[in-house]
Amino acid sequence: MLTESKKIWMDGKFVNWADANIHILTHTLHYGTGAFEGIRCYRAKNGSAVFRLKEHVDRLFDSCHILRIDPPFSRQQISKAITDTVKVNGLKECYIRPLVYLGYGAMGLYPKENPIRVAVAVWPWGAYLGEDGIKNGIRARISSFARQHVNAALTKSKTCGDYVNSTLAKREAIASGYEEALLLDTSGFVSEGTGQNIFMVRDGELITPPLPSVLEGITRKSIIEMAQKLKIRVKEASFTRDEMYIADEVFLTGTAAEVTPVREIDDRTVGSGKPGPVTKKLQSLFFRIVKGEEKAYKAWLTHI
């Protein structure tokens with residue numbers, strides 16, 4: 001169960017957490033046509049700060065553009081709604097969920113003139129895959145579910161309904177005794193976690209699946225930029241599950257997962273079975289950045 005905060009921003013005004021309700025015939029609830037973002041606010045050196053706020057809001061609007069949804073608020077208004085929601089709830093650090101959805105109106109697959117609604121909720125949320133996962137790594141399995149083909153689900157949009165694929169894979173992994181599922185694409189190459197991008201390290205080179213088949217993760221992009229500044233060789237390339245089995249290191253990135261090492265895949269130990277040197281170096285830098293301890297990356301933080 002998540003920890004409730006006080007207020008949720010809905011369509012330009014704050015409502016009490018318990019009163020943030022929608023009609024049962026809300027279109028997105030039935031058909032999944034909506035867009036969302038996952039953002040984190042961290043307790044930083046000079047006060048609370050949102051990590052890469054502009055990039056997240058831009059991606060939210062990109063998702064809406066892909067889905068042919070025209071939000072009734074501007075990027076600036078949504079950005080202010082996000083920071084205001086953190087402020088009004090008095091949270092020093094939290095997870096942030098903006099949501100653009102089609103409201104109550106016509107039913108059926110064509111939403112016609114259904115109103116476009118926007119909400120922003122925030123709540124305290126620690127390590128998504130657990131503090132032990134951050135420190136020691138997690139066990140993962142290759143899912144029996146494939147990531148959707150690029151023409152079946154548009155992979156550059158964080159579309160609400162597309163995450164049914166992820167929830168099925170996640171539930172399968174948990175039921176099988178693992179912490180996370182890794183999905184292959186329809187060609188059989190490694191794609192993503194249920195809500196994370198995937199990186200592996202082989203022979204000192206950092207490799208991640210190319211953008212055509214995966215979500216353009218903001219943490220993914222950040223890790224690539226960080227690695228390049230650290231003079232770590234980075235390559236975007238397709239690879240197979242057995243290449244991960246014999247990788248030196250594997251880790252997952254995402255707003256919720258942050259930087260989480262993978263110590264085992266399909267009952268095969270990855271590398272030494274512990275977070276490797278490249279993973280630890282990038283993970284350490286990431287957490288210093290979000291806490292405002294790295295001046296070179298201060299532009300990535302929006303202080304509250």
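Student: Why is E205 called buried?

Tutor: Buried means under 20% relative accessible area, exposed means over 50%, and partly exposed lies in between (1.4 Å probe, protein chains only). E205 has 17% relative accessibility, so E205 counts as buried. Keep in mind that this is a predicted model, where local features need pLDDT of at least 70, side-chain atom pairs count only at pLDDT 80 or more, and totals for chains, interfaces and linings use all residues. Residues are numbered from 1 along each chain as its sequence is written, and side-chain values use heavy atoms, with hydrogens and water left out.

Student: Where does E205 lie, and what is E205 in contact with?

Tutor: E205 lies in strand β12, residues 205-208; helices (H or I, at least four residues) and strands (E, at least two) are DSSP runs numbered from the N terminus. Leaving aside neighbours within four places in sequence, E205 is in contact with M200, R233 and K235, where contact means heavy atoms within 4.5 Å.

Student: Thanks! What makes R52 and E225 a salt bridge?

Tutor: A salt bridge is a side-chain nitrogen of Lys or Arg within 4 Å of a carboxyl oxygen of Asp or Glu. For R52 and E225 the N to O value is 3.9 Å, and their side chains meet in a salt bridge. The pair links distant parts of the chain, 173 residues apart: R52 is in the loop between β5 (47-51) and α2, and E225 is in helix α6, residues 218-229. R52, E55 and E225 are also linked in a network of salt bridges.

Student: How do R52 and E225 count, buried or partly exposed?

Tutor: R52 has 4% relative accessibility, so R52 counts as buried. E225 has 24%, so E225 counts as partly exposed.

Student: What about D58 and K54: how far apart are the closest N and O atoms?

Tutor: They are 2.7 Å apart, and D58 forms a salt bridge with K54. Both residues lie in helix α2, four residues apart, about one turn of the helix. D58 counts as buried because its relative accessibility is 19%, while K54 counts as exposed because its value is 57%. By this rule the salt bridges come to 17.

Student: How do you know that the span of helix α3 agrees with its number of residues?

Tutor: The expected span of a helix is 1.5 Å times one less than its number of residues. Helix α3 (residues 75-88) has 14 residues and should span 20 Å; its end C-alpha atoms are 20 Å apart, so the two agree. Among the buried residues of α3 are I78, A81 and V86. The buried residues of α3 pack against several elements, including β1 (7-10), β4 (39-44) and β7 (116-123). Just after α3, G90 takes a positive phi of about 65 degrees.

Student: Why does the radius of gyration agree with a compact globule?

Tutor: The radius is taken over C-alpha atoms, and the globule rule is 2.2 Å times the number of residues to the power 0.38. With 304 residues, a compact globule would have a radius near 19 Å; the protein has 19 Å, so it agrees. The C-alpha trace spans about 55 × 45 × 30 Å along its principal axes. Of the 304 residues, 52% count as buried.
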